[in-house]
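Work through the following exercises with the sequence and the model in view, and try each task before reading its solution.

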Amino acid sequence: MPFDPIADAFSPDHASARQRWLALVAARGLAVESHPHPLRGPAGEVLAVDVVRDGPADAAKVLLTTSGVHGVEGHAGCGIQAGLLALGASLREAADADTAIVHVHAVNPHGFAFTRRVTHENVDLNRNFVDFGQPLPEHPDYAAIESLLLPPTWPPTPDNEAALAARLDAMGPRRAQMAVTRGQHTRPMGLYYGGREPTWSHRVFREVLRRHAGTCRRLAWIDLHTGLGPAGVGERIFASHDAGAALARARRWWGEGVTSVHTGTSTSIPMTGPIQQAVDGECPQAEYTGICLEFGTVPLPQMMAALRADHWLHAHPEADAALARQIRRDLRDAFYTDTDAWKRQVWAQGLDATRQALHGLRQPG
Ligand SMILES: [Zn+2]
């Protein structure tokens, strides 16, 4: 049976995604570099960040893909990576001989395995790449609404919802989204917590980046996410703080539709400590061009309610088992639409963006 990217690439959980991935790697005759996580998965299974390099060890050009930076979002990202790996030589034909394609599978394996967006430290990995040598950013807007976001009981009471809505309405939509999602470093049990030190996944990812892109001349990076924007639509969000030449290059490669959190053209917002900050430290020699490819799932209020419930459950391990199961299901549904139609959209756009990146790497910088 030929590999079908819709039926065969996407997985219902981290354990099966990892098994599928390791089988594909073996079938291609590639080496896997596994970084085992200190904790085990829900069934006692090994959790790991698994890295595969398809191409020369000393390639001048590297295309990097990353999945599961936000744990549960790995359903889509690992699915795309599995499809790309299964394409094998036919994908490599789009690349120069001195190009390596490096897939980092499940950057936050614990979050994927336990159906959470955050790491086992309750940290949003995409808010964790701040300079911990400097005073951490304050975020008073978040602190002011946290008790409403995470009320004592779940589901929230009508009074709680009304009070939260009133506070967010008063801020206006963009400031309200920033208040919740920009990243905060003072409430360890809260939402979008950036942490007070590098997480395990942060440290592993820096090592991987150094090893696989520390000497290349050009680096392209597609970081795969879900949860924001219209269902099935892959928004290409510029992922660098260099809004000059790098943004122009990203738009040449991936189209004028590439959005930016800095200009308000994206459904996302500027955040503290995105993972792409690691490029400055680990591959300063490389010309870097990158996007986040962010696939929409459910409407924003539904996604936010699911995230609030997840953090409420984290703070209330004594919660009723049926409620806990429902919260897990709702969280998964908020970041993964388990239908053929959605997977088809995700796969087609993931493949398209990958081919565009390989084409871009062939052009002069
Ligand atoms: Zn994400």
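**Exercise 1.** At what angle do helix α2 and helix α3 pack, and how far apart are their axes?

*Solution.* Before starting, note that this is a predicted model, in which local features need pLDDT of at least 70 and side-chain atom pairs count only at pLDDT 80 or more, while totals for chains, interfaces and linings use all residues. Residues are numbered from 1 along each chain as its sequence is written.

Step 1: find α2 at residues 14–27 and α3 at residues 74–87; helices (H or I, at least four residues) and strands (E, at least two) are DSSP runs, numbered from the N terminus.

Step 2: the two helices pack at an angle of about 15°, with their axes 10 Å apart, where axes are lines fitted to C-alpha atoms, for helices over the stretch in contact, and angles run from 0 to 180 degrees between N-to-C directions.

Step 3: α2 and α3 are therefore roughly parallel to each other, a term used for angles under 35 degrees.

Step 4: list the contact, which counts residues whose C-beta atoms, placed from the backbone, lie within 7 Å; α2 contributes His14, Ala17, Arg20, Trp21, Leu24 and Val25, and α3 contributes Gly74, Cys78, Ala82, Leu85 and Ala86.

**Exercise 2.** Is strand β3 mostly covered or mostly open, and which strands pair with it?

*Solution.* Step 1: six of the six residues of β3 (residues 61–66) are buried, and the strand is mostly covered; a residue is buried if 20 or more other C-beta atoms lie within 10 Å of its own, exposed if 12 or fewer, and partly exposed in between, with C-beta atoms placed from the backbone.

Step 1: divide β3 by face, with Lys61, Leu63 and Thr65 on one side and Val62, Leu64 and Thr66 on the other.

Step 2: β3 pairs in the parallel sense over six bridges with β4 (residues 99–105), and also in the parallel sense over six bridges with β5 (residues 218–231); strands pair if DSSP finds at least two bridges between them.

**Exercise 3.** What is the phi of Asn122, and what is the phi of Tyr192?

*Solution.* Step 1: recall that most residues other than glycine have a negative phi.

Step 1: phi of Asn122 is near 60°, and this residue lies in the loop between α5 (109–113) and α6.

Step 2: phi of Tyr192 is near 50°, and Tyr192 is found in the loop between α8 (173–181) and α9 (200–213).

Methods
Parallel < 35°, antiparallel > 145°, perpendicular 65-115°, else oblique. Contact = placed C-beta atoms within 7 Å.
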